[in-house]
Structures are given as structure tokens and as C-alpha cells.
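Have the sequence and the coordinates open side by side.

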Amino acid sequence: MTMNLLWLDDFLVLAETGNFSRAADERHLTQPAFSRRIRALEEWLGTDLFDRSVQPAKLTEAGLWLRGVAQDLLAQVARLPGEARTVAEANASTLRLASTHALSLTFLPGWLSGLEARADVGRIQLDSDVLQRCESLLQQSKVHMVLCHAHAKAPGLLEASGYAFATVGSDEMIPVSAGDAQGKARSRLPEPRASQVPLLSYSEASGLGRIMRAVIGHDLEKLPVQTVFSAHLASVLRTMALEGRGIAWLPRTLIADDLAAHRLVEAAPPRWRIPLEIRLYRDAIRLGRAAEALWEEARQKAETDRMPAIG
């Protein structure tokens with residue numbers, strides 16, 4: 001009998017739920033078909049993986065061991081296509097880069113122009129998405145690098161996994177709202193006993209939201225603010241702020257023109273600003289020629305600009 005990788009997916013779902021019927025539904029199988037696949041895996045291994053005498057079903061010692069092994073194996077399998085493409089592109093001139101939406105619109109074009117003035121970085125294929133998706137693309141080796149905002153108090157998946165990075169720029173999140181006829185903020189962060197102020201917030205998938213919650217979330221909860229709108233993207237919150245819907249914490253790189261034209265006005269004292277790093281993370285495996293060339297130029301430029309050292 002040959003082991004089927006689908007059995008490992010089945011096994012992990014059942015390990016999570018402990019319920020054959022619910023696990024079968026999640027795998028879009030009938031319960032008898034699902035049970036046969038679990039039994040086939042057990043027969044292939046030569047041991048029971050679940051104690052079926054209790055409800056919910058519990059993992060045996062062998063099952064506990066296999067759970068960790070299966071997670072690692074499936075993660076390795078998910079990386080194979082990206083790593084295969086990287087090997088095939090060892091001498092190719094295409095760089096696959098992922099960037100968060102805000103930096104794709106603001107920082108990325110000028111930063112690339114600066115690198116291209118120093119060296120030929122070749123053709124670039126860009127994926128612009130929310131941070132969680134960008135992190136996933138790099139973890140699966142589907143892109144060579146990720147450009148994103150970062151803060152020491154809000155480590156992300158890439159930092160936690162030990163990916164090398166270079167700090168290639170700086171930014172800051174500023175609480176802003178639309179200005180009134182006198183050029184003052186329509187909404188302003190209040191003192192604790194003031195009336196409620198509308199807040200334009202980031203969703204859970206947002207990297208900027210993760211930073212905001214980690215750095216000022218606790219202090220913000222002490223104030224009478226009310227979330228009236230949330231979104232993944234800073235560009236969407238910017239639009240809502242321009243319409244006078246409330247206060248949003250937005251990257252200076254995104255709203256520099258709005259601040260200069262007084263379309264948006266700082267809506268809180270400077271202590272509420274959040275300093276940001278702009279980081280370039282790279283895959284741990286050997287990259288193609290174009291990607292390695294860009295990484296080296298980015299690293300050298302960061303050192304020249306006296307940015308913090310590579311992580």
C-alpha cells in the first residue's frame with residue numbers, strides 16, 4: 001500500500017475536531033469514506049492513531065507524534081513548487097517580489113528607482129496584498145522577497161521564523177482626520193472624560209493593524225473611542241478619513257500630500273504617532289541571479305543610508 005498525502009490532511013482535521021462526522025464534512029467526504037481513509041493511514045503505519053472508545057476521539061501516543069510530523073511534512077510539500085521554480089530560475093532575470101498595498105503605492109516605486117540607478121536589477125514581478133498573504137507567499141517560496149512595515153513590539157511570522165531582513169526605510173503612523181473650515185481636525189483624540197470619537201480601524205488581516213494594536217491598543221482602550229468602520233487597507237481608511245468619517249492611523253508615506261494640502265490634519269498629540277521600519281525580507285534558500293543582485297544592492301544601500309543592520 002502506498003501512502004496518500006491526502007490522508008495526512010484528513011488526519012490533521014480529525015486530530016483538531018475529534019469528531020469523525022464533523023471532520024468528514026470539512027473534508028467534503030461521506031463519513032464512511034473518511035473513516036476508510038483514516039483506517040488506511042493507520043494500516044500503512046501499522047498502529048492506531050486515535051482512541052475511538054471516547055468522545056471526542058483522542059490521539060494515541062503515535063497520533064501525537066504523527067501530528068507534528070504531518071504538519072512539517074505538508075509544509076515542506078507546500079514549499080516544493082516555489083523552491084523548484086527558484087532552482088529553475090537560478091540564472092533568470094525575473095525577481096518575484098511581494099509588497100503590502102500601502103508600500104506598493106508609495107515607497108516601492110522610488111526605492112526601486114534608487115536601486116536601479118546603482119545596478120541592473122532585471123525584470124520584477126510584483127504581488128501586492130495584505131501582510132498575511134505576503135508572509136504566506138514567502139514561507140511557501142512563491143516569492144523571493146517581501147517588502148512590509150514592521151515594529152519591534154509587533155513581530156510577524158517572518159521574524160518569528162528567522163527570515164533574514166534588511167531595514168530599507170522608515171515611516172510612521174499618524175492619527176489624522178479631515179480638516180474643518182478653520183483647518184482643524186474634525187475629530188480629535190479626546191481626554192478620558194470627553195465624548196466618544198469615531199475610529200477608523202484596521203481588520204485582523206492588516207499588518208498595520210497588528211502594529212497599531214501592539215503599540216497603542218492598550219492605551220487606546222482607555223479612551224472613549226468607537227470603531228465605526230474597519231478595513232484591511234490603509235488606502236481605504238484614508239478615503240474614509242478624507243470624507244470626515246473619523247480618525248485613522250495612516251502611514252506618512254501614504255498621506256504626505258494630504259497633510260501638506262491640509263486635506264488631512266493630525267488629530268492627536270505627537271506621542272500618539274507610531275514609528276515604523278520598512279523591511280525587506282528574503283527567502284532562506286539560494287535565490288536567482290536577479291533576486292540575489294537586488295538583495296545585495298538593498299543591503300548595501302541600507303548600510304550606506306545607516307539603516308539598522310540585517311536581521
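What follows is a walk through a predicted model.

Local features are reported at pLDDT of at least 70 and side-chain atom pairs at pLDDT 80 or more, while totals for chains, interfaces and linings use all residues of this predicted model. Residues are numbered from 1 along each chain as its sequence is written, and side-chain values use heavy atoms, with hydrogens and water left out.

The chain has 12 helices and 11 strands, where helices (H or I, at least four residues) and strands (E, at least two) are DSSP runs numbered from the N terminus. Along the principal axes, its C-alpha atoms fill a box of roughly 75 × 55 × 30 Å. Of its 311 residues, 44% are buried; buried stands for under 20% relative accessible area, exposed for over 50%, and partly exposed for values in between (1.4 Å probe, protein chains only). A contact is a pair with heavy atoms within 4.5 Å. Among contacts between residues at least 6 apart in sequence, 75% join residues at least 24 apart.

Next comes the interior. A nonpolar core is a set of buried Ala, Val, Leu, Ile, Met, Phe, Trp, Tyr and Cys residues joined through side-chain atoms within 4.5 Å. The largest such core holds 36 residues, and those with the most contacts inside it include M173, Y202, W249 and W272. Elements that each supply at least two of its residues include β6 (165-178), α9 (207-221), α10 (234-242) and β11 (274-282). The largest share, five residues, comes from α9. Another core lies apart from the largest one and has 20 residues, among them A23, I38, L66 and L74.

Which residues does R79 touch away from its own stretch of sequence? R79 sits in helix α4 (residues 61-88), and at 28% relative accessibility it counts as partly exposed. Leaving aside neighbours within four places in sequence, R79 is in contact with Q139, Q140 and S141. R79 and Q139 are 60 residues apart in sequence, yet their C-alpha atoms are 7.3 Å apart. S141 belongs to the loop between α7 (131-139) and β5 (145-150) and is buried, with a relative accessible area of 2%.

Most residues other than glycine have a negative phi, and most peptide bonds are trans. S141 has a positive phi of about 60°. H262, in the loop between α11 and β10, likewise has a positive phi, near 60°, but H262 is exposed at 56% relative accessibility. A cis peptide bond with omega of about 0° joins Q55 and P56, and P56 is in the loop between β1 (50-51) and β2 (58-59).

Last, the cysteines. The whole structure has zero disulfides, taking a disulfide as two cysteine sulfur atoms within 2.5 Å. For C134, the nearest cysteine sulfur is that of C148, 7.6 Å away. C134 is buried at 0% relative accessibility, and C148 is buried at 3%.
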